[in-house]
Amino acid sequence: MPEENLVIHKIFDETASRFSQRVALQIKKDNQWTKVTYGGLKLSSLKVAAFLSKEGFGKGDFAALILENCPQWSMIYLGIVRAGLACVPLDPGLNPQEIKNLILDSGSRIIFCSHTVFMNKLKQTMQDNSTKFVILDNKEPQAGRLINFSDIENISCDNIIYPEVSSEDIASLIYTSGTTATAKGVLLTHKNIASDAKSIQKLNIYLSSDNILSILPLYHTYSFMVTLILPLLVGGKITHALSFKSQELTAVIHEAAVTILVGVPQLYLMLYKGIAERIKKIPFFLRPLFFPFIRVKLRSKLGSLRFLVSGGARLEPKVAGYLSRWLGVRLIEGYGLTETSPVVTLNPPKKIKFGSVGKPIPQVQIKILNPDSSGIGQVLIQGPNVMQGYFRRQDLTGEVIKEGWFYSGDLGYIDKEGYLYLTGREKDVIV
(Lines give C-alpha, C1' and ligand atoms only; values in the text may rest on other atoms or scores of the structure.)
Protein backbone atom coordinates (compact mmCIF):
# COMPACT_ATOMS: atom_id res chain seq x y z
CA MET A 1 0.00 0.00 0.00
CA PRO A 2 1.35 3.49 -0.86
CA GLU A 3 2.77 5.10 2.26
CA GLU A 4 0.65 8.24 1.84
CA ASN A 5 -2.43 6.05 2.44
CA LEU A 6 -1.15 4.76 5.79
CA VAL A 7 -3.16 7.36 7.68
CA ILE A 8 -5.63 6.04 10.25
CA HIS A 9 -8.67 8.18 9.46
CA LYS A 10 -8.14 7.88 5.70
CA ILE A 11 -8.25 4.09 5.99
CA PHE A 12 -11.33 4.33 8.19
CA ASP A 13 -13.04 6.68 5.71
CA GLU A 14 -12.55 4.10 2.94
CA THR A 15 -14.32 1.50 5.07
CA ALA A 16 -17.06 3.96 6.09
CA SER A 17 -17.77 4.79 2.46
CA ARG A 18 -18.37 1.09 1.71
CA PHE A 19 -20.34 0.26 4.83
CA SER A 20 -22.03 3.57 5.70
CA GLN A 21 -25.24 2.00 7.08
CA ARG A 22 -23.56 -0.94 8.81
CA VAL A 23 -23.30 -0.91 12.61
CA ALA A 24 -19.74 -0.12 13.67
CA LEU A 25 -20.17 0.20 17.45
CA GLN A 26 -22.74 -0.96 19.96
CA ILE A 27 -23.16 -1.02 23.72
CA LYS A 28 -25.93 -2.16 26.04
CA LYS A 29 -26.82 0.07 28.97
CA ASP A 30 -29.92 -0.12 31.14
CA ASN A 31 -31.21 -3.00 29.00
CA GLN A 32 -31.10 -0.91 25.83
CA TRP A 33 -28.71 -1.15 22.90
CA THR A 34 -27.09 2.01 21.56
CA LYS A 35 -25.78 1.51 18.03
CA VAL A 36 -23.54 3.71 15.87
CA THR A 37 -23.19 3.13 12.14
CA TYR A 38 -19.99 3.63 10.15
CA GLY A 39 -21.53 6.74 8.62
CA GLY A 40 -22.50 8.04 12.05
CA LEU A 41 -19.03 7.35 13.46
CA LYS A 42 -17.40 9.23 10.58
CA LEU A 43 -19.72 12.23 11.04
CA SER A 44 -19.06 12.34 14.78
CA SER A 45 -15.30 12.25 14.21
CA LEU A 46 -15.61 15.06 11.65
CA LYS A 47 -17.46 17.15 14.24
CA VAL A 48 -14.78 16.51 16.88
CA ALA A 49 -12.12 17.55 14.36
CA ALA A 50 -14.14 20.63 13.39
CA PHE A 51 -14.45 21.59 17.06
CA LEU A 52 -10.70 21.24 17.60
CA SER A 53 -9.96 23.33 14.51
CA LYS A 54 -12.38 26.06 15.60
CA GLU A 55 -10.75 26.09 19.04
CA GLY A 56 -7.36 26.72 17.43
CA PHE A 57 -5.83 23.28 17.87
CA GLY A 58 -3.90 21.62 15.06
CA LYS A 59 -0.78 19.75 14.00
CA GLY A 60 1.83 19.49 16.71
CA ASP A 61 -0.72 19.65 19.53
CA PHE A 62 -1.57 16.83 21.94
CA ALA A 63 -5.03 15.93 23.25
CA ALA A 64 -5.51 13.66 26.26
CA LEU A 65 -8.27 11.05 26.21
CA ILE A 66 -9.23 9.75 29.66
CA LEU A 67 -12.33 7.69 29.19
CA GLU A 68 -13.77 4.28 29.94
CA ASN A 69 -14.57 2.08 26.91
CA CYS A 70 -17.60 3.38 25.03
CA PRO A 71 -18.56 4.39 21.46
CA GLN A 72 -17.45 7.97 22.14
CA TRP A 73 -13.87 6.76 22.67
CA SER A 74 -13.64 5.91 18.96
CA MET A 75 -15.37 9.11 17.85
CA ILE A 76 -12.96 11.23 19.85
CA TYR A 77 -9.81 9.35 18.84
CA LEU A 78 -10.65 9.52 15.14
CA GLY A 79 -11.56 13.19 15.50
CA ILE A 80 -8.30 14.02 17.27
CA VAL A 81 -6.09 12.45 14.60
CA ARG A 82 -8.29 13.82 11.79
CA ALA A 83 -7.61 17.33 13.13
CA GLY A 84 -3.88 16.61 12.97
CA LEU A 85 -3.33 16.27 16.71
CA ALA A 86 -1.74 13.35 18.54
CA CYS A 87 -3.91 11.49 21.03
CA VAL A 88 -2.66 10.74 24.54
CA PRO A 89 -4.84 7.87 25.87
CA LEU A 90 -4.62 7.61 29.67
CA ASP A 91 -5.91 5.11 32.20
CA PRO A 92 -8.96 6.54 34.04
CA GLY A 93 -7.89 4.41 37.00
CA LEU A 94 -4.69 6.36 37.65
CA ASN A 95 -4.69 8.61 40.69
CA PRO A 96 -5.12 12.39 40.24
CA GLN A 97 -1.43 13.19 40.63
CA GLU A 98 -0.36 10.52 38.14
CA ILE A 99 -2.85 11.84 35.57
CA LYS A 100 -1.72 15.43 36.14
CA ASN A 101 1.95 14.47 35.72
CA LEU A 102 1.30 12.75 32.38
CA ILE A 103 -0.89 15.59 31.09
CA LEU A 104 1.79 18.13 31.94
CA ASP A 105 4.58 15.98 30.51
CA SER A 106 2.72 15.54 27.21
CA GLY A 107 1.80 19.22 27.01
CA SER A 108 -1.83 18.34 26.32
CA ARG A 109 -3.86 21.56 26.25
CA ILE A 110 -7.22 19.88 25.84
CA ILE A 111 -8.63 16.85 27.64
CA PHE A 112 -11.58 14.63 26.73
CA CYS A 113 -12.91 12.81 29.80
CA SER A 114 -15.98 11.45 31.52
CA HIS A 115 -17.81 13.52 34.11
CA THR A 116 -16.69 11.04 36.78
CA VAL A 117 -13.01 11.39 35.84
CA PHE A 118 -13.29 15.17 35.75
CA MET A 119 -14.94 15.44 39.17
CA ASN A 120 -12.77 12.83 40.91
CA LYS A 121 -9.41 13.15 39.17
CA LEU A 122 -9.08 16.50 37.40
CA LYS A 123 -11.21 19.26 38.89
CA GLN A 124 -8.94 19.95 41.85
CA THR A 125 -5.51 19.11 40.46
CA MET A 126 -5.95 21.00 37.18
CA GLN A 127 -7.95 24.01 38.38
CA ASP A 128 -5.02 26.44 38.05
CA ASN A 129 -4.18 25.25 34.56
CA SER A 130 -5.33 26.82 31.27
CA THR A 131 -6.20 23.41 29.85
CA LYS A 132 -9.64 23.00 28.25
CA PHE A 133 -11.91 20.08 29.15
CA VAL A 134 -14.50 18.31 27.04
CA ILE A 135 -16.74 16.42 29.44
CA LEU A 136 -19.04 13.51 28.62
CA ASP A 137 -22.25 12.64 30.48
CA ASN A 138 -22.56 16.11 31.97
CA LYS A 139 -26.01 17.68 31.84
CA GLU A 140 -25.15 21.05 33.36
CA PRO A 141 -24.39 23.97 30.99
CA GLN A 142 -20.68 24.73 30.75
CA ALA A 143 -18.68 27.70 29.54
CA GLY A 144 -15.09 28.86 29.19
CA ARG A 145 -12.60 26.03 29.71
CA LEU A 146 -15.37 23.46 30.30
CA ILE A 147 -17.27 22.13 27.29
CA ASN A 148 -19.95 19.46 27.15
CA PHE A 149 -19.35 16.75 24.56
CA SER A 150 -23.02 16.97 23.65
CA ASP A 151 -22.41 20.52 22.40
CA ILE A 152 -19.93 19.20 19.85
CA GLU A 153 -22.65 17.04 18.33
CA ASN A 154 -24.39 20.25 17.17
CA ILE A 155 -21.32 21.69 15.45
CA SER A 156 -21.48 22.25 11.69
CA CYS A 157 -18.68 20.81 9.57
CA ASP A 158 -19.39 23.25 6.73
CA ASN A 159 -16.44 25.34 5.52
CA ILE A 160 -14.00 23.47 7.73
CA ILE A 161 -10.63 22.92 6.09
CA TYR A 162 -9.13 19.84 7.67
CA PRO A 163 -5.32 19.59 7.73
CA GLU A 164 -3.42 17.22 5.48
CA VAL A 165 -2.10 14.49 7.75
CA SER A 166 0.84 12.35 6.62
CA SER A 167 1.80 8.82 7.53
CA GLU A 168 4.83 10.14 9.44
CA ASP A 169 2.75 12.37 11.73
CA ILE A 170 2.35 11.23 15.34
CA ALA A 171 -1.03 9.61 15.97
CA SER A 172 -0.61 8.39 19.57
CA LEU A 173 1.59 9.19 22.54
CA ILE A 174 1.25 6.26 24.90
CA TYR A 175 2.82 6.25 28.34
CA THR A 176 4.24 3.00 29.56
CA SER A 177 6.69 2.19 32.31
CA GLY A 178 6.56 -1.53 32.95
CA THR A 179 7.23 -1.97 36.65
CA THR A 180 9.57 1.01 36.85
CA ALA A 181 8.56 4.29 38.41
CA THR A 182 9.34 6.63 35.52
CA ALA A 183 6.77 6.69 32.72
CA LYS A 184 8.06 6.63 29.16
CA GLY A 185 6.03 8.15 26.34
CA VAL A 186 5.96 5.98 23.22
CA LEU A 187 5.54 7.94 19.98
CA LEU A 188 3.53 5.99 17.37
CA THR A 189 2.99 7.45 13.91
CA HIS A 190 0.01 6.87 11.64
CA LYS A 191 2.30 4.61 9.62
CA ASN A 192 3.26 2.55 12.69
CA ILE A 193 -0.37 1.86 13.62
CA ALA A 194 -1.84 1.59 10.11
CA SER A 195 0.90 -0.71 8.81
CA ASP A 196 0.47 -3.03 11.80
CA ALA A 197 -3.28 -3.23 11.13
CA LYS A 198 -2.75 -3.82 7.41
CA SER A 199 -0.25 -6.60 8.11
CA ILE A 200 -2.66 -8.40 10.45
CA GLN A 201 -5.44 -7.97 7.90
CA LYS A 202 -3.41 -9.97 5.38
CA LEU A 203 -3.73 -13.03 7.63
CA ASN A 204 -7.53 -13.03 7.05
CA ILE A 205 -8.34 -13.69 10.70
CA TYR A 206 -10.93 -10.90 10.86
CA LEU A 207 -13.82 -10.78 8.41
CA SER A 208 -16.25 -7.95 7.69
CA SER A 209 -18.99 -10.20 9.10
CA ASP A 210 -17.24 -10.50 12.48
CA ASN A 211 -18.48 -9.04 15.75
CA ILE A 212 -15.56 -8.33 18.10
CA LEU A 213 -16.07 -8.02 21.85
CA SER A 214 -14.34 -4.96 23.30
CA ILE A 215 -13.74 -5.51 26.98
CA LEU A 216 -10.05 -4.69 27.51
CA PRO A 217 -9.23 -0.99 28.10
CA LEU A 218 -8.62 0.91 24.87
CA TYR A 219 -5.77 2.98 26.31
CA HIS A 220 -3.63 -0.19 25.91
CA THR A 221 -2.22 -0.65 22.40
CA TYR A 222 -3.17 -4.36 22.35
CA SER A 223 -6.90 -3.79 22.76
CA PHE A 224 -6.72 -0.55 20.76
CA MET A 225 -5.35 -2.43 17.77
CA VAL A 226 -7.23 -5.73 18.00
CA THR A 227 -10.64 -4.53 19.22
CA LEU A 228 -10.83 -1.10 17.54
CA ILE A 229 -8.50 -0.30 14.64
CA LEU A 230 -8.49 -3.74 13.01
CA PRO A 231 -12.30 -4.25 13.16
CA LEU A 232 -12.86 -0.75 11.72
CA LEU A 233 -10.38 -1.52 8.95
CA VAL A 234 -12.27 -4.61 7.77
CA GLY A 235 -15.80 -3.30 8.34
CA GLY A 236 -16.60 -5.44 11.37
CA LYS A 237 -18.84 -4.71 14.33
CA ILE A 238 -17.50 -3.80 17.78
CA THR A 239 -19.56 -4.68 20.85
CA HIS A 240 -18.50 -2.92 24.06
CA ALA A 241 -18.91 -4.98 27.23
CA LEU A 242 -19.17 -3.34 30.65
CA SER A 243 -18.39 -6.26 32.93
CA PHE A 244 -15.78 -8.99 33.36
CA LYS A 245 -18.21 -11.14 35.37
CA SER A 246 -18.53 -14.48 33.65
CA GLN A 247 -22.35 -14.60 33.62
CA GLU A 248 -22.70 -11.07 32.21
CA LEU A 249 -19.90 -11.67 29.72
CA THR A 250 -21.51 -14.88 28.53
CA ALA A 251 -24.88 -13.13 28.20
CA VAL A 252 -23.43 -10.37 26.01
CA ILE A 253 -21.57 -12.87 23.81
CA HIS A 254 -24.77 -14.88 23.36
CA GLU A 255 -27.16 -11.96 22.82
CA ALA A 256 -24.91 -9.95 20.51
CA ALA A 257 -23.67 -13.04 18.63
CA VAL A 258 -20.02 -12.13 19.23
CA THR A 259 -17.66 -14.04 16.92
CA ILE A 260 -14.24 -12.97 18.26
CA LEU A 261 -13.34 -12.66 21.93
CA VAL A 262 -10.09 -10.80 22.62
CA GLY A 263 -8.69 -11.31 26.08
CA VAL A 264 -5.66 -11.60 28.30
CA PRO A 265 -4.46 -14.79 30.02
CA GLN A 266 -6.24 -13.83 33.26
CA LEU A 267 -9.59 -13.86 31.44
CA TYR A 268 -8.96 -17.26 29.90
CA LEU A 269 -7.70 -18.63 33.19
CA MET A 270 -11.00 -17.50 34.74
CA LEU A 271 -12.96 -19.35 32.02
CA TYR A 272 -10.73 -22.39 32.45
CA LYS A 273 -11.28 -22.52 36.22
CA GLY A 274 -15.03 -22.02 35.78
CA ILE A 275 -15.32 -25.05 33.49
CA ALA A 276 -12.94 -27.16 35.58
CA GLU A 277 -14.88 -26.45 38.80
CA ARG A 278 -18.13 -27.57 37.19
CA ILE A 279 -16.54 -30.80 36.05
CA LYS A 280 -15.10 -31.48 39.53
CA LYS A 281 -18.62 -31.56 40.94
CA ILE A 282 -19.45 -34.55 38.76
CA PRO A 283 -18.48 -37.96 40.22
CA PHE A 284 -15.39 -39.23 38.44
CA PHE A 285 -17.01 -42.38 37.05
CA LEU A 286 -19.92 -40.36 35.56
CA ARG A 287 -17.79 -37.73 33.84
CA PRO A 288 -17.49 -39.51 30.47
CA LEU A 289 -21.31 -39.57 30.29
CA PHE A 290 -21.66 -35.88 31.11
CA PHE A 291 -18.83 -34.51 28.93
CA PRO A 292 -20.93 -34.36 25.72
CA PHE A 293 -23.74 -32.52 27.51
CA ILE A 294 -21.31 -29.99 29.03
CA ARG A 295 -19.83 -29.28 25.61
CA VAL A 296 -23.28 -28.81 24.08
CA LYS A 297 -24.28 -26.42 26.88
CA LEU A 298 -21.12 -24.37 26.51
CA ARG A 299 -21.53 -24.17 22.74
CA SER A 300 -25.17 -23.11 23.12
CA LYS A 301 -24.05 -20.13 25.20
CA LEU A 302 -20.99 -19.28 23.13
CA GLY A 303 -22.04 -20.81 19.83
CA SER A 304 -21.33 -17.70 17.76
CA LEU A 305 -17.63 -17.59 18.67
CA ARG A 306 -15.14 -18.30 15.85
CA PHE A 307 -11.89 -17.33 17.55
CA LEU A 308 -10.40 -16.54 20.93
CA VAL A 309 -7.41 -14.18 20.83
CA SER A 310 -4.90 -13.90 23.68
CA GLY A 311 -2.11 -11.41 24.25
CA GLY A 312 -0.58 -9.15 26.86
CA ALA A 313 1.26 -11.92 28.72
CA ARG A 314 2.14 -15.59 28.41
CA LEU A 315 -0.81 -18.00 28.25
CA GLU A 316 -0.29 -21.41 29.81
CA PRO A 317 -0.41 -24.04 27.02
CA LYS A 318 -2.66 -26.31 29.09
CA VAL A 319 -5.21 -23.50 29.48
CA ALA A 320 -5.16 -22.78 25.73
CA GLY A 321 -5.56 -26.44 24.80
CA TYR A 322 -8.26 -27.05 27.39
CA LEU A 323 -10.43 -24.11 26.26
CA SER A 324 -9.99 -24.94 22.59
CA ARG A 325 -11.23 -28.47 23.19
CA TRP A 326 -14.16 -27.59 25.43
CA LEU A 327 -15.39 -24.53 23.56
CA GLY A 328 -14.69 -25.96 20.13
CA VAL A 329 -13.00 -22.77 18.89
CA ARG A 330 -9.43 -21.92 17.97
CA LEU A 331 -7.41 -19.85 20.43
CA ILE A 332 -4.82 -17.62 18.77
CA GLU A 333 -1.97 -16.34 20.89
CA GLY A 334 0.22 -13.45 19.79
CA TYR A 335 3.02 -11.22 21.01
CA GLY A 336 3.79 -7.54 20.89
CA LEU A 337 4.84 -4.45 22.76
CA THR A 338 3.59 -0.89 23.00
CA GLU A 339 6.74 0.14 21.12
CA THR A 340 5.75 -2.07 18.16
CA SER A 341 2.20 -0.74 17.72
CA PRO A 342 1.87 -3.49 19.17
CA VAL A 343 1.52 -6.79 17.26
CA VAL A 344 4.72 -8.59 16.23
CA THR A 345 3.71 -12.26 15.96
CA LEU A 346 0.52 -14.31 15.75
CA ASN A 347 -0.21 -18.00 15.55
CA PRO A 348 -1.49 -18.93 12.08
CA PRO A 349 -5.15 -20.02 12.58
CA LYS A 350 -4.63 -23.17 10.50
CA LYS A 351 -1.52 -24.29 12.37
CA ILE A 352 -1.58 -23.15 15.99
CA LYS A 353 1.21 -24.22 18.34
CA PHE A 354 0.20 -23.89 21.99
CA GLY A 355 3.09 -22.48 23.99
CA SER A 356 4.34 -20.43 21.05
CA VAL A 357 3.39 -16.82 20.34
CA GLY A 358 3.42 -17.59 16.63
CA LYS A 359 5.16 -16.29 13.53
CA PRO A 360 5.97 -12.68 12.56
CA ILE A 361 3.10 -10.90 10.81
CA PRO A 362 3.76 -9.68 7.23
CA GLN A 363 6.37 -6.89 6.91
CA VAL A 364 7.77 -7.63 10.37
CA GLN A 365 11.03 -9.46 11.01
CA ILE A 366 12.44 -10.94 14.17
CA LYS A 367 15.82 -12.42 15.08
CA ILE A 368 17.55 -13.72 18.17
CA LEU A 369 20.56 -11.79 19.47
CA ASN A 370 23.53 -13.86 20.60
CA PRO A 371 21.64 -17.16 21.05
CA ASP A 372 23.05 -19.59 23.61
CA SER A 373 23.47 -23.33 23.11
CA SER A 374 19.67 -23.73 23.35
CA GLY A 375 19.05 -21.02 20.77
CA ILE A 376 17.79 -18.59 23.43
CA GLY A 377 18.66 -14.91 23.24
CA GLN A 378 17.09 -11.46 23.19
CA VAL A 379 14.28 -10.96 20.65
CA LEU A 380 14.99 -8.17 18.15
CA ILE A 381 12.22 -6.71 15.98
CA GLN A 382 12.26 -4.76 12.72
CA GLY A 383 9.37 -3.37 10.69
CA PRO A 384 7.23 -0.32 9.88
CA ASN A 385 5.38 -0.89 13.16
CA VAL A 386 8.39 0.01 15.33
CA MET A 387 7.88 3.29 17.18
CA GLN A 388 9.50 6.58 16.24
CA GLY A 389 11.03 6.72 19.71
CA TYR A 390 10.42 7.72 23.31
CA PHE A 391 8.96 11.20 23.82
CA ARG A 392 11.76 13.67 24.63
CA ARG A 393 14.07 10.79 25.57
CA GLN A 394 16.58 10.28 22.79
CA ASP A 395 18.88 8.64 25.31
CA LEU A 396 16.37 5.87 26.02
CA THR A 397 15.47 5.57 22.34
CA GLY A 398 19.13 4.99 21.47
CA GLU A 399 19.29 2.17 24.01
CA VAL A 400 16.50 0.14 22.38
CA ILE A 401 16.69 1.02 18.66
CA LYS A 402 20.03 0.17 17.06
CA GLU A 403 20.71 -0.10 13.33
CA GLY A 404 16.98 -0.34 12.61
CA TRP A 405 16.30 -3.12 15.12
CA PHE A 406 14.21 -2.77 18.27
CA TYR A 407 15.70 -4.54 21.29
CA SER A 408 12.66 -5.94 23.08
CA GLY A 409 14.32 -7.07 26.29
CA ASP A 410 12.41 -10.35 25.96
CA LEU A 411 14.23 -13.67 25.77
CA GLY A 412 13.15 -16.42 23.43
CA TYR A 413 14.02 -18.81 20.60
CA ILE A 414 12.69 -19.52 17.12
CA ASP A 415 11.94 -23.11 16.07
CA LYS A 416 12.63 -24.62 12.65
CA GLU A 417 9.21 -23.55 11.35
CA GLY A 418 9.72 -19.92 12.38
CA TYR A 419 7.54 -19.94 15.50
CA LEU A 420 8.70 -17.76 18.38
CA TYR A 421 8.78 -19.08 21.94
CA LEU A 422 9.31 -16.67 24.84
CA THR A 423 11.30 -17.87 27.83
CA GLY A 424 11.75 -14.79 30.02
CA ARG A 425 12.86 -11.17 30.11
CA GLU A 426 16.14 -9.36 30.30
CA LYS A 427 14.39 -6.29 31.67
CA ASP A 428 10.93 -5.03 32.49
CA VAL A 429 8.89 -4.19 29.39
CA ILE A 430 5.23 -3.60 28.63
CA VAL A 431 3.68 -6.27 26.44
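Predicted model: local features only at pLDDT ≥ 70, side-chain atom pairs only at ≥ 80, totals over all residues.

Student: Is Tyr421, at 15% relative accessibility, buried or exposed?

Tutor: Tyr421 counts as buried, because the limit for that class is under 20% relative accessible area.

Student: How should I describe two aromatic rings that lie beside each other?

Tutor: A pair of aromatic rings is described by the distance of the centres and the angle of the planes. Phe118 is buried at 7% relative accessible area, and Phe133 is buried at 1%. Tyr413 and Tyr421 form a stacked pair, with 5.0 Å from centre to centre and 5° between the planes.

Student: How many aromatic pairs does a search of the whole structure find?

Tutor: The search finds 10 aromatic pairs. Ring pairs can also join into a cluster, as they do for Phe12, Phe19 and Tyr38.

Student: Which residue lies over the face of Phe19?

Tutor: Arg22 lies over that face, at 3.9 Å from the ring centre of Phe19. A second case is Lys353, whose charged end sits over the ring of Tyr419, 4.3 Å from its centre.

Student: Where in the chain do Arg306 and Asp210 lie?

Tutor: The side chains of Arg306 and Asp210 meet in a salt bridge, at 2.7 Å from N to O. Arg306 is in the loop between helix 11 (287–302) and strand 13 (307–310), while Asp210 is in the loop between helix 7 (190–201) and strand 10 (211–214); the two residues are 96 residues apart. Arg306 counts as partly exposed at 29% relative accessibility, whereas Asp210 counts as buried at 2%.

Student: You mentioned Lys353 over a ring. With which residue does Lys353 form a salt bridge?

Tutor: Its partner is Glu417, and the closest N and O atoms of the two are 2.5 Å apart. Glu417 lies in the loop between strand 21 (405–414) and strand 22 (420–425), and Lys353 in the loop between strand 15 (343–346) and strand 16 (359–360), so the bridge ties together parts that are 64 residues apart in sequence. Glu417 counts as partly exposed at 37% relative accessibility, and Lys353 counts as buried at 19%. Both belong to a network of salt bridges that links Lys351, Lys353, Asp415 and Glu417.

Student: How should I read a strand and its neighbours?

Tutor: In a regular strand the side chains alternate between the two faces of the sheet. For strand pairing, one asks which strands are joined by bridges and in what sense they run. Strand 8 and strand 9 pair in the antiparallel sense over six bridges, and Leu188 in strand 9 is the bridge partner of Ser172. Strand 9 is also joined to strand 19 (residues 389–390) by two bridges, again antiparallel. Here Val186 stands opposite Tyr390 in strand 19.

Student: Why is strand 9 described as largely enclosed by the rest of the structure?

Tutor: The reason is that five of its six residues are buried. The loop between strand 8 (170–176) and strand 9 (184–189) contains Ala183, which is partly exposed at 37% relative accessible area.

Student: May we end with the surroundings of a single residue?

Tutor: Let us take His240, in strand 11 (residues 237–240). His240 is buried, with a relative accessible area of 3%. Its side chain makes a polar contact of 3.3 Å with the side chain of Ser214. Leaving aside residues up to four places away in sequence, His240 touches several others, among them Leu25, Asn69, Cys70 and Leu218.

Note on methods: Residues numbered from 1 in each chain as written. Heavy atoms only, no water. Helix = DSSP H or I, 4+ residues; strand = E, 2+ residues; numbered from the N terminus. Buried < 20%, exposed > 50% of the residue type's maximum accessible area, 1.4 Å probe, protein only. Salt bridge = Lys/Arg side-chain N within 4 Å of Asp/Glu carboxyl O. Polar contact = N/O pair within 3.5 Å; in protein donor to acceptor, adjacent residues only side chain to side chain. Contact = heavy atoms within 4.5 Å. Pairing = 2+ DSSP bridges. Phe/Tyr/Trp six-rings, centres within 6.5 Å; stacked < 30°, edge-to-face > 60°. Lys NZ or Arg CZ within 6 Å of the ring centre and 35° of its normal.
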